[in-house]
Protein chains: 2
Amino acid sequence: MNNTALKIQVEKIKVSKIDQVDFDNLSFGSVFSDHMLVCDYKNGSWEAPKIVPYQPISLDPSAKIFHYGQSIFEGMKAYKDENDEIFLFRPLDNCRRLNISAKRMAMPELPEEFFMEGLTALLELDKDWIPRNAGSSLYIRPFMFASGTGFHASPANQYKFIIATAPSGSYFAGKVKVLIEEKYSRSANGGVGYAKAGGNYAGQFYPTQLAVEKGYNQVIWTDDNTHENIEEAGAMNIFVRIGDTLITGPTSDRILDGITRKSILEIAKDEGIATEVRKITVSELVEAAKKGTLKEMFGAGTAAVVSPIATFGYRDTDYDLPELENSYASRLKKRITDIQYNRAEDPFGWRFKV
Amino acid sequence: MNNTALKIQVEKIKVSKIDQVDFDNLSFGSVFSDHMLVCDYKNGSWEAPKIVPYQPISLDPSAKIFHYGQSIFEGMKAYKDENDEIFLFRPLDNCRRLNISAKRMAMPELPEEFFMEGLTALLELDKDWIPRNAGSSLYIRPFMFASGTGFHASPANQYKFIIATAPSGSYFAGKVKVLIEEKYSRSANGGVGYAKAGGNYAGQFYPTQLAVEKGYNQVIWTDDNTHENIEEAGAMNIFVRIGDTLITGPTSDRILDGITRKSILEIAKDEGIATEVRKITVSELVEAAKKGTLKEMFGAGTAAVVSPIATFGYRDTDYDLPELENSYASRLKKRITDIQYNRAEDPFGWRFKV
C-alpha cells in the first residue's frame, strides 16, 4: 500500500434506510447498507473507486458475467467493540486472495490500496450499519465480475469491482448433519477449486439439495477421482479431531486457502493443541468413529466461523459425534471471535483497526 | 409442446438499428438485433415471455449471478436460404440441453413451449437481422441466470431467461494450433462439465492464455486425473481421424453432449465413414502422428461448426497434421451446413422451418 490517500469520490444517499432495519432480528446477508464501493476496469486499467448509494447495476445482455462465469468474490466481516471501535480481521489476506482468484479466472488484479482504502472509506461512511449485538457483524462482500460485452468465449475487456455490505446475524444455527459425497464433486485437479469463483458455488447447490432431501444439511466433498479424501464441508474448510489431534486437509488447487482455516491452525498451536495438516481419508474417519476416537468435526469459514458437525452419513450409515463439554470447536471459536471483536489480546497481529 | 399458441407480449423498438450494421463485415456476436425475449421466474413459476427492445438489464448488487455462478446458456444459429426462408437446426435439442444444464445448476427448468414459441416469435420479428451472406448466420444466445438476491450461498429464488441474437460472420478463421494440456483441467468427475454453465468457460481462459503465450491458439483438454484422455478442444468437442476412422470421445459428466458432435457422427455414418465413440489417449495420438496414420483433428461446435487443427503440441514437441485434398472435416462441414442453409436434402429431419 502506498501512503498517499487515494482520492475516493463519495456520493451520499439522500435518506438513509437504517431506520427500517431491525438489528435484533438480522438474517444473513439480506439487508444492505446505504452505500457501496464501485470501481471500473476499462481500457486496461482500474479507474478510481467511487462510493455511491447502494443501487441496481445496469448491464448489457451480452455482458460476459451472464455467459462465461467470470466472477469472483470475498467474504469478510467488520466488528464493533463495546467502545464502538471498528475492526476487520486479516483484511489484506482477503485482498490478496481476491487477486489469486482473479488471476485464475483471467480477470485483472486490483491494486491493494484500492481494496484497502476503498473498504476503509466505505466502513467509515456506513459505520452505523455495523451491529453491536452479540454474534452480529457487518458482512462485507467484495466481488468482481466481467461487465465487458460480446458472445465470443474469451475474457472480457471490462470489469466491475464492488464492495457491498450487509448487517448480519449468524450464518448457521445449531449443529449440522452432513453427508459424505461419493458421486458429485466440487473441483478438479488443475481446476478452479482454490479460487473463490462463482461457478464453484453453483455446482454445489444440486448435490446439496439431494443431500437435504435425504435429511442432511450439507455435503462433505471428497476428491473427484477416488472419493476417498475429505476435502471441504459445504462451502467451508473442514477440521476433524481424532483423539486429541486436530486435523485438516492441505490446501491444493482443489481446496480454498481459508483465512478462518489458517487462523484456527495457528490458534490451536498457540493453545497447545496438536495439529496435523494432511490428507484425511473417509476410511480413517469411519474407523475412528467406530472406535470412538473421532471426537469432533467442524467446518470453518468467515460466514459461520466454526460450524460443528453432529452427524456424518456415509453409504447409508449415520455416525454420531459425541457431545463434548469443552470442545475444540467452541474453544477455538471463542478465541477467534474474542480477537475479532477486540475482547482479547491479539498476539498474532490479525486485528485491523479501521 | 402444446398446440395452443403462447401469448407473447411484444414491445417493438421505436427506431430499428439495422441501418447501422455492415452485414458484409460481421464479427462474431458483437452486434445485437433490435429485440430480445425475456422471461422471469418468480414465486415458483415462469411468467409469460415478453419481447422487448434489446436493452440493459438492471440487477441488485446482491443478485446471485454476481456471487454464486448460477448461469447457463445455449448457442444456436438461424439460417436464411436463397428464398429468404428461415431455418433452425435441431432447436429442441438446445432447449432440452438447457434444461439438463438447469437441473445440474439447481435452476428451474423452462417449459419447452416458452423456448420454442418465444424463439420463433423473436425470429419472425427480427427476420431482417438474419444475414444472407455466405457463411454468415444469426447467432442465437438463449441464457438463464440467477436474478434473486442475497449473500447466502444457496440457489436463488428468481431467475431470468433471455434470448438475444447477433448477426455474425464465422467464428474462427483458418486452421488452429492446439496444445495438449497436462496441468490445468476443464472439469471434474461428478462436476458440471457436461452442463453449458458459465463457470466452465471462465475456468478455461487462463490456461488458454498461457497456451497462446506459447504460440498456440487453443488448448486440448484432458481428464483431470491422468491427463491421458483427450476430452475437448477449447470450447468444442474433438474429433480425430486415424487412418480412415473418425473417432470422438464418449460423452460423460465431464464432456458436453454437443449437437454438432452428434450430428457429425450421424452424417459420417451416412457417408459411409467408419466411426468410433471411445476414449482417445494422448499416447495413441502421438504414436499415430509419428506413424503417419493421424490424418485429421478438428473441433466441432455450433459457433465454428468444424474447426480443423493444423498442429498439436505435446510436451515441447509439435506434431503437424497433413494437408488433405478431401478431408473429412471439409466434407462433413459442407454436408452439415448444406442442411442448415437448406441447400441439400435433410434425411435426418434436423432442419426446423421458422
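This is a predicted model: local features need pLDDT of at least 70, side-chain atom pairs count only at pLDDT 80 or more; totals for chains, interfaces and linings use all residues.
Me: By what turn can chain A be laid on chain B?
Reply: The superposition gives an RMSD of 0.0 Å, with a shift of 0.0 Å along the axis, and the turn is 180°. The two copies are thus related as by a two-fold rotation axis. So the turn you asked for, with the copies related in that two-fold way, is 180°.

Me: What share of the interface residues of chain A are also interface residues in chain B?
Reply: Chain A brings 58 residues to the contact, and chain B brings 58 residues. The copies meet through the same surface, because the share is 100%.

Me: Which three residues supply more of the area that chain A buries against chain B than any other three?
Reply: About 5000 Å² is buried between the two chains, and carbon and sulfur atoms give 63% of that area. On the side of chain A, 15% of the buried area comes from Phe66(A), Phe151(A) and Phe205(A).

Me: Which element of chain A gives the most residues to the side that touches chain B?
Reply: Between the chains there are 0 salt bridges, while 23 residue pairs are in polar contact. Elements giving two or more residues to this side of chain A include helix 2 (91–104), strand 9 (137–146) and helix 4 (198–213). The top contributor, with 9 residues, is helix 4.

How values were computed:
Residues are numbered from 1 along each chain as its sequence is written. Chains are lettered from A and ligands numbered from 1 in the order in which they are written. Side-chain values use heavy atoms; hydrogens and water are left out. Copies are superposed by least squares on the C-alpha atoms of residues with pLDDT of at least 70 in both. Contact means heavy atoms within 4.5 Å. Buried area is the accessible area (1.4 Å probe) that two parts lose on being put together, summed over both. A salt bridge is a side-chain nitrogen of Lys or Arg within 4 Å of a carboxyl oxygen of Asp or Glu. A polar contact is a pair of N or O atoms within 3.5 Å; within protein, one must be able to donate a hydrogen and the other to accept it, and residues adjacent in sequence count only if both atoms are side-chain atoms. Helices (H or I, at least four residues) and strands (E, at least two) are DSSP runs, numbered from the N terminus.
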